[in-house]
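I opened this notebook to keep track of what I looked up, entry by entry. I wanted to begin with the aromatic rings and then turn to the helices.

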Amino acid sequence: MTLIVAGHSLEKITFSGISSTHVRGLFAASDSSITSGGTTLVSGFKKVVEVPIRVKGLNFCGEWFDGYHDYRYEDGCFVAFAGSTLVAQHIMNSIKNHLGEIYPTYEDEEYKLVMSCEPHRHLRQIDYDDSMFLDKHLNGLLSAKLVSNIVRHSIQAVLDSAQKHDGMRNNFRAFQAEFILGFRCPLDYKYYLYQYEIHPDNEKSAIVNMTQIQEGDVAVIGLKEQYSEEAKDHFQKALDNGDNTAIKMHEFIVNAIEDQNSLGVFSIGKPCGLYMYEGRYVTLKKYIR
């Protein structure tokens, strides 16, 4: 199993007697064990991953569009995952592939960004007016809403592909992976956090539910039924006390691991990492073995 808590890294700042809450970025605190039947198989497994976001470049010869080439914009986000390692890794590959190649296009008299799996929406190799596809047309297209929906699509695409097999019907538990997305929107420079859960739709299919996590809340995946409410209370207490929420929630994960292990339960385990995202890159701030 897994226990990951993610949220906004908040701390209270006082200046001239006036206190305000400052958003430093996003954090994710995670255990690192892979287990089976309560037995630890490996430890030190990274469950919080930096994922590149790349928008394809456009190659013009005069007014002739000569295809997509290289990248005109690169950014990054983080994705945390819990659940069946094999299925989660397959879905992570889908997320990386979809976010790694996003295509500018023009349809219905609008500039848009579309996915690699939508080739029918990509630009055709024809003449376009040289007043089109300027930076002012393309720079405002990448948003948190678009990125979060691409991630949801990436997860759903794997589930839809799995419907043709009997594995989902006979062993749905193996498909119950969970994910957290963290991203700083280049339009408003705000930090956005989303949680994704897989639920059965019928006996042969499943759907992805996406929830946006607000600044005063946390996303919990893995052992969420056991720790979700406690994590939320701990986060609120840190806010009320003016503590750094990232540090306090990392301590929360460490304590949860130690409490479980002291009872002889090893569904979660150390090392325990605290990952920080402050736009594009993920850094490991603390690592307790």
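Before listing any rings, I wrote down the rule for a pair: rings of Phe, Tyr and Trp (its six-membered ring) pair if their centres lie within 6.5 Å, and planes over 60 degrees apart count as edge-to-face. I also noted that I am reading a predicted model.

**Entry on the ring cluster**

Which residues do ring pairs link into a cluster? I found Phe60, Phe65, Tyr68, Tyr103, Tyr106, Tyr111, Tyr128 and Phe133 in it. A search of the whole structure gave me 16 aromatic pairs. One of them joins Phe60 and Tyr128, with 6.4 Å from centre to centre and 90° between the planes, and this pair is edge-to-face.

Tyr111 belongs to strand S8 and Phe133 to the loop between S8 and H2, and the pair links distant parts of the chain, 22 residues apart. Phe133 counts as buried because its relative accessibility is 9%.

**Entry on a charge over a ring**

I also looked up Arg54, which lies over the face of Tyr71, at 5.5 Å from the ring centre.

**Entry on two helices**

For helix H5 (residues 224–241) I noted 18 residues and a reach of 24 Å from the first C-alpha to the last, which is close to the 26 Å expected at 1.5 Å a residue. Its buried residues are Tyr227, Ser228, Ala231, Phe235, Ala238 and Leu239, and what covers them includes strands S1 (3–15), S2 (18–30) and S12 (218–222) as well as helix H6 (245–262). After H5 comes Gly242, and I noted that its phi is positive, near 75°.

Helix H1 (residues 85–100) has 16 residues and reaches 22 Å from its first C-alpha to its last, close to the 22 Å expected at 1.5 Å a residue. Among the buried residues of H1 I listed Val87, Ile91, Met92, Ile95 and Leu99.

Notes
Residues numbered from 1 in each chain as written. Predicted model: local features only at pLDDT ≥ 70, side-chain atom pairs only at ≥ 80, totals over all residues. Heavy atoms only, no water. Helix = DSSP H or I, 4+ residues; strand = E, 2+ residues; numbered from the N terminus. Expected span 1.5 Å × (residues − 1). Buried < 20%, exposed > 50% of the residue type's maximum accessible area, 1.4 Å probe, protein only. Contact = heavy atoms within 4.5 Å. Phe/Tyr/Trp six-rings, centres within 6.5 Å; stacked < 30°, edge-to-face > 60°. Lys NZ or Arg CZ within 6 Å of the ring centre and 35° of its normal.
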